[in-house]
Amino acid sequence: MTQQFAVSFDYRCPFARNGHEAVVAGLRAGRDWDVRFLPFSLDQVHVEEGEPPVWDREPHERGTGVLALCWGIAVRDSFPDHFLDWHIAAFAARHDEGAKIGKEDVLREIATSVGLDADAVAAEVASGRPLKILADEHTEADRRWKVFGVPTFIVGERAAFVRVMDRNNPTDVDRVLDLLEWTDLNEFKHTSVPR
């Protein structure tokens, strides 16, 4: 039976990278998952109370993660056949290459590297739709599930912020999904992680 869940992301978080690489590896290995990739702005999380949200600001005042999220949303919604490749490449650009993913030229390079027409993706971002979707989906995540960080895994009305330490391991996602079924568990946190 297909397992439905959502998982939040911001390309700047290394733990989001670990979690999303595991999800993508599972999908590519044939896991019967129906995944909603949910953008969540870490820039917005750090906005002071009473200040305008990042999506209501001028582009240069939005922070370093919003543009990459908009490109991710544009690819997810308008070029879905390329999304998984884009998603992994965007995380890799940020965390392997140290690329400044808040810059359009870097995002164009990522798009081209996975076979996307960078001009078409840029046009979709320029339409304003991805920014509106970011506002809506981030706000839903905050209000409905009390999401505060990435990655947060969501099944139905249950949500858990999870930091997995390894990359590309779908079994980690299986374990997270199993734990989300355990409704009496509120918090489970190692005091330290031996490495």
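Tutor: Two strands pair if DSSP finds at least two bridges between them, and strands (E, at least two residues) and helices (H or I, at least four) are DSSP runs, numbered from the N terminus. The model is predicted, so local features need pLDDT of at least 70 and side-chain atom pairs pLDDT 80 or more, while totals for chains, interfaces and linings use all residues. Residues are numbered from 1 along each chain as its sequence is written, and side-chain values use heavy atoms, without hydrogens and water.

Student: What is the order of the 4 strands in the open sheet?

Tutor: The order is 2-1-3-4, with mixed pairing. Strand 2 (33-39) and strand 4 (158-161) each have a single partner strand, so they stand at the edges and one side of each is left without a neighbour in the sheet.

Student: How do you know that strand 1 and strand 2 pair?

Tutor: Strand 1 (residues 3-9) and strand 2 share 7 bridges in the parallel sense, and the definition asks for at least two. Gln-3, for instance, has Trp-33 in strand 2 as its bridge partner.

Student: Why is helix 5 called oblique to helix 6?

Tutor: Helix 5 (residues 104-113) and helix 6 (residues 118-126) pack at about 130 degrees, with axes 9 Å apart. Angles under 35 degrees count as roughly parallel, over 145 as roughly antiparallel, 65 to 115 as roughly perpendicular and the rest as oblique, which makes helix 5 oblique to helix 6. Such angles run from 0 to 180 degrees between N-to-C directions, along axes fitted to C-alpha atoms, for helices over the stretch in contact.

Student: Which residues make the contact?

Tutor: Glu-104, Arg-108, Ala-111 and Thr-112 of helix 5 meet Ala-118, Asp-119 and Ala-122 of helix 6, contact meaning heavy atoms within 4.5 Å.
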